[in-house]
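Colleague: I would like a close look at a single residue in this model, with some account of the chain around it.

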Amino acid sequence: MREEEIEKLRGVVRDCVTKHLYSSAIFFADKVAAFTNDPADIYMQAQALFLGRHYRRAYHLLNASQIVLRDLRFRYLAAKCLEELKEWDQCILMLDDAKVDEHGNLNDTKDSNIMYLDKDGEDHEINISSAICFLRGKAYEALENRVQARHWYKAAIKADPLCYEALECLIENHMLTYEEEASLLASLQFGPEDGWLSSFYSCLIKKYDKENVVEAKFRELEKEKCNSNTSDPSFFRTLKTNTDLLACKAEYYHQCGEYQKCFELTSVLLEKDPFHLKSTLVHLAAAMELGHSNELYLMACNLVKDYPQKALSWFAVGCYYYCIKKFAESHRYFSKATSLDGTFPPAWIGYGNAYAAKEEGDQAMSAYRTAARLFPGCHLPTLYIGMEYMRTNSFKLAEQFFMQAKTTCPSDPLVYNELGVVLFFSYRYNKAVWWFEKTLAQIPSPLSEMWEPTVVNLAHAYRKLKMYNEAISYYEKALALSTRSVSTYAGLAYAYHLQDNFTAAITYYHKALWLQPDDHFCTEMLSLALADEARGPQN
């Protein structure tokens, strides 16, 4: 057959692949390889077999070729076949036994001496070494060797910053702490035209900087004018409404406790792209915090219908049952989510929370400990372990875990609040006041109703220190956030009572009893306040 006829057949194979006609691609690729026996045509045939899901046959074809050990593309595709066949040990062996250190630096350079057939296109592709490192990471993660997986994912993103999947695995699975993520990002060698990508990655990693720093990062990507000579300003304008970027912003709002703002943004995003799963997860989390059970029900139904094999779908079902306080059902669905994907952090947290809500502390602790082991970069498991210890009055242990959570996430106001609570119950009121004030300093203004308990806690701590004016001031601030709290009215009444302002005390005891008529403390203290007022001032 003439060369031009063979080239025409190669074009047919490429067109069949583009049109997803894989059986046709396999048929014609087989004939081209038979005519030429050229390594590039054998690779094209193997690629067609892989895309047609004939993994075993593709692997056999590649392995039978003598070039498989000398060409990285052959080896990588053979390893991808083994990945699809779930033969993880063989996959690692096929990729060769290279070494990597904890920072993702390769100690083995054998791959650099192996030829790569398509060198002309490499500048426009993901580096093949990066893809191989990423595949090694996936294999080690499947074998539950998460330490090695973490090292190889780092190596992949370092070998080529365009290998987004490696960074995604590190971030989504909470494999790194905030400091490690920032250090890794700083070590990446971006091209002169990839400044936007560096900024985008900085928005993807944990957002524990101060509020103005994080907002500046978002503004940098959203700005309409670009100072770089190599970038097109119109490109930055398109990023302003980019779904991934807005999902990052929604995640940041959730982290800051601005749940309504987060929910509104994710609602808009999901109208635009109903199947954007990152937005869906943040939307579920915000709906949970706001108690929107109807929204959770609709989301869960749609997800189970569209993605029955995804952990996120059953996590959504668990969220719905948790929201309506059916904790037995919620823990069953959270468990199903963990069985579908053991590396899905929200499912493990939900699983523990469902047990904690039923006051089954041992099972809750087991789930939280598993999550802490699997996701070392996530502070929530250690935070919830501390809460469980506090529930059983183990205040020293609780404080240790809260401090550990603070080390992992130095900007979560909930951690600071829990530290204040544990110190309050340990009778260290001065330190409790310090942590409560630090909590309020971490929260964006104006305060929302969800932080009313923190303001009340601070008022209680001031009252314990006999600083009654400060206590009264914070009780009144709490009432400005919510007028339905018995403890706020009772605390305010008691503070006035201790100042011998019996009239004000009686007024607020009555308001507390109007909300909860059977409150024993307020009933008793009201009687004392009435008696004290009747006696009048003592000379």
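Colleague: In which helix does Arg463 lie, and what does its side chain do there?

Modeller: The model is a predicted one. Arg463 belongs to helix H26, which covers residues 452-464. The residue is buried but forms no salt bridge. Asp519 is the nearest side chain of opposite charge, and it is 12 Å away. A salt bridge needs a side-chain nitrogen of Lys or Arg within 4 Å of a carboxyl oxygen of Asp or Glu. What the side chain of Arg463 does have is a polar contact with the side chain of Tyr475, at 3.0 Å.

Of its 539 residues, 49% are buried. Counting contacts with a separation of 6 or more, 53% are between residues 24 or more positions apart. The C-alpha atoms fill a box of roughly 120 × 55 × 45 Å along the principal axes. The accessible surface is about 26900 Å², and carbon and sulfur atoms contribute 52% of it. On charge, the chain carries 58 positive and 71 negative side chains. The centres of those two sets lie 2 Å apart. To return to the residue asked about, Arg463 is buried without a salt bridge, and its side chain has a polar contact with that of Tyr475.

Note on methods. Residues are numbered from 1 along each chain as its sequence is written. This is a predicted model: local features need pLDDT of at least 70, side-chain atom pairs count only at pLDDT 80 or more; totals for chains, interfaces and linings use all residues. Side-chain values use heavy atoms; hydrogens and water are left out. Buried means under 20% relative accessible area, exposed over 50%, partly exposed in between (1.4 Å probe, protein chains only). Contact means heavy atoms within 4.5 Å. Accessible areas come from the Shrake-Rupley method with a 1.4 Å probe; for residues, only the protein chains shown count as cover. Lys and Arg count as positive and Asp and Glu as negative; His and the chain ends are not counted. The place of a charge is taken as NZ of Lys, CZ of Arg, CG of Asp or CD of Glu. Helices (H or I, at least four residues) and strands (E, at least two) are DSSP runs, numbered from the N terminus. A polar contact is a pair of N or O atoms within 3.5 Å; within protein, one must be able to donate a hydrogen and the other to accept it, and residues adjacent in sequence count only if both atoms are side-chain atoms.
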